[in-house]
Amino acid sequence: MLARSVATLDILSGGRVELGLGAGAFWDAIVAMDGPRRTPGEAVTSLREAMSVLRALWSPGERVHIQGKHYRLEGARPGPVPAHPVGIWLGVYGARALRLTGRLADGWLGSAAYVPPSGLGTLMRTIDEAATAAGRSPSAVRRVYIVDTGFTAADLAELTREHGVSGFLMNVAPGDSGALMRFAGETVPAVRAAVAEERGEAPAQAVWADPADRPVDPAGRPRAKGRPARQEPSTAGRRAAATLVTVHDHLRAELDELQRVVTDVLAGRDEPAAARSLLNTMTLRQNYWSLGAFCATYCRLVTNHHLLEDEVMFPRLREAEPDLAPVLDRLEKEHDLIAGLIVRLDLALVAMVDDPSRLEEVRRVLDRLGECLLSHLSYEEEQLLGPIAEHSVVV
């Protein structure tokens with residue numbers, strides 16, 4: 001049931017689900033729900049078997065037979081198949097469970113509340129050694145660590161350098177928007193810059209770092225060389241190009257509605273919560289900025305095609321039209337900028353609840369979002385409609 005529920009949610013959300021599992025631990029609560037009370041050894045064995053069951057039911061194919069000590073499948077039909085390969089993350093701390101993580105899991109999720117930074121080294125070495133013994137690269141197991149507001153940027157950078165932690169979740173007290181703003185606007189960019197410097201890399205542009213002040217330079221955008229079409233667009237190709245315009249028109253309409261609601265907030269006719277509620281249900285917010293702003297939710301409403309994502313459409317366009325590579329690179333950078341502006345607008349609205357003086361920041365970010373999004377959509381249509389139609393770039 002868990003496998004099918006997770007797969008269904010992944011399909012409904014357009015491939016946005018990851019699954020976190022533990023070995024048990026809260027046995028009184030488990031027994032209270034008519035579950036078994038297991039020994040530590042039994043808990044790890046059942047967790048390993050559960051992972052096998054989950055992945056078997058997520059894979060297309062024939063009926064599944066698994067004979068485990070705790071879980072068995074007797075010819076169960078697999079499916080539904082998730083929209084993307086769902087990662088299984090283990091929140092475990094015991095040596096056996098950590099070795100299981102290294103052998104089979106996609107990620108480890110730990111918390112400073114359970115193991116402080118001083119104890120991470122032993123845990124990470126256990127995962128690394130188990131991964132290597134299983135023929136995997138230790139880097140195949142991502143590490144995410146839950147921290148609190150007492151951690152500085154230097155602390156987090158050290159955890160990344162020393163222990164390979166590649167993501168952080170921060171516990172924030174309810175209503176403490178200031179801590180969230182500081183973490184997003186100050187700590188995150190500082191950690192990325194410190195790690196990049198340590199590795200001798202150019203620091204990645206963080207979407208949080210004042211995206212409202214980053215210019216969009218239309219004059220500096222690359223353009224593909226004009227040429228006559230090599231072949232007549234097919235019906236499918238013309239439909240794909242038309243779908244791109246339809247989705248873009250939907251995004252333009254969403255922007256208009258968002259601007260209307262935020263204008264009401266700024267004029268005192270509505271509350272910031274109203275704008276946040278609208279923003280977080282929009283395609284704009286749910287979108288992961290793949291080609292043409294084809295988000296998972298809206299794409300399914302507009303067409304019967306599968307999701308048109310970067311890993312499918314961009315490679316096909318790059319292969320069919322090598323001259324488009326600079327254009328596609330620029331579009332990807334603008335996707336990041338727009339995504340950062342959307343996040344920044346949401347954070348500004350949160351901050352405005354506690355500090356009405358942030359009103360001007362909300363206005364400034366919204367103006368930049370409108371400017372960037374409309375310019376970006378026009379540029380994308382100008383450069384990609386022809387190649388999409390000619391090469392029938394659909395999935």
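**Entry 1: totals.** I count a residue as buried when its relative accessible area is under 20%. By that cut-off, buried residues make up 45% of the 395 residues in the protein chain. I am working on a predicted model, so I keep to local features with pLDDT of at least 70. I listed the secondary structure next and found 14 helices and 7 strands in the protein chain. Then I looked up contacts between residues at least 6 apart in sequence. Of these, 65% join residues at least 24 apart.

**Entry 2: α3 against α4.** Two packed helices are described by the angle between their axes and the distance between the axes. I looked up both values for helix α3 (residues 40-58) and helix α4 (residues 95-104). Their axes come within 9 Å and cross at roughly 20 degrees. Angles under 35 degrees count as roughly parallel, so α3 is roughly parallel to α4. The crossing is right-handed. On the α3 side, I noted G41, V44, T45, L47, R48, M51 and R55 in the contact. On the α4 side, I noted R96, A97, L100, R103 and L104. By class, the residues of this contact are 6 nonpolar, 2 polar and 4 charged.

**Entry 3: α4 against α5.** How does α4 lie relative to α5? I found that the axes of α4 and helix α5 (residues 120-133) come within 7 Å and cross at roughly 45 degrees. That makes α4 oblique to α5. This crossing is right-handed. From α4, the residues that meet α5 are A95, L98, R99, T101, G102 and R103. Their counterparts in α5 are L123, T126, I127, A130 and A131. I sorted the residues of this contact into 6 nonpolar, 3 polar and 2 charged. I also marked R103 of α4, which is in the contact with α3 and in the contact with α5.

**Entry 4: the open sheet.** Strands of a sheet pair through backbone hydrogen bonds, either parallel or antiparallel. Which strand order does the open sheet have? I read β1-β4-β5-β6-β7, 5 strands with parallel pairing. The edge strands are β1 (19-21) and β7 (167-170), and each pairs on one side only. Neighbouring strands of this sheet are turned by 25 degrees against each other on average, direction ignored. I then followed strand β6 (residues 142-147) to β7 and found parallel pairing over 4 bridges. In β7, F168 is the bridge partner of Y145.

**Entry 5: the hairpin.** I turned to strand β2 (residues 64-67) and strand β3 (residues 72-76), which form antiparallel pairing over 4 bridges. β2 and β3 make a hairpin, with 4 residues between them. I looked up H65 and found its bridge partner, E74, in β3.

**Entry 6: α6 and what follows.** Which residues of helix α6 (residues 153-163) are buried? I listed L156, A157, L159, T160 and H163. An α-helix has 3.6 residues a turn, so residues three or four places apart point the same way. Just after α6, I found G164 with a positive phi of about 70 degrees.

**Entry 7: A190.** I logged A190 as partly exposed, because its relative accessibility is 34%. I also took the C-alpha to C-alpha distance from A190 to T152, which is 9.5 Å. A190 and T152 are 38 residues apart in sequence.

Technical notes: Residues numbered from 1 in each chain as written. Predicted model: local features only at pLDDT ≥ 70, side-chain atom pairs only at ≥ 80, totals over all residues. Heavy atoms only, no water. Axes fitted to C-alpha atoms, helices over the stretch in contact; angles between N-to-C directions. Helix = DSSP H or I, 4+ residues; strand = E, 2+ residues; numbered from the N terminus. Parallel < 35°, antiparallel > 145°, perpendicular 65-115°, else oblique. Left-handed = near helix turned anticlockwise from the far one by under 90°. Contact = heavy atoms within 4.5 Å. Nonpolar A, V, L, I, M, F, W, Y, C, P; charged D, E, K, R; others polar. Pairing = 2+ DSSP bridges. Buried < 20%, exposed > 50% of the residue type's maximum accessible area, 1.4 Å probe, protein only.
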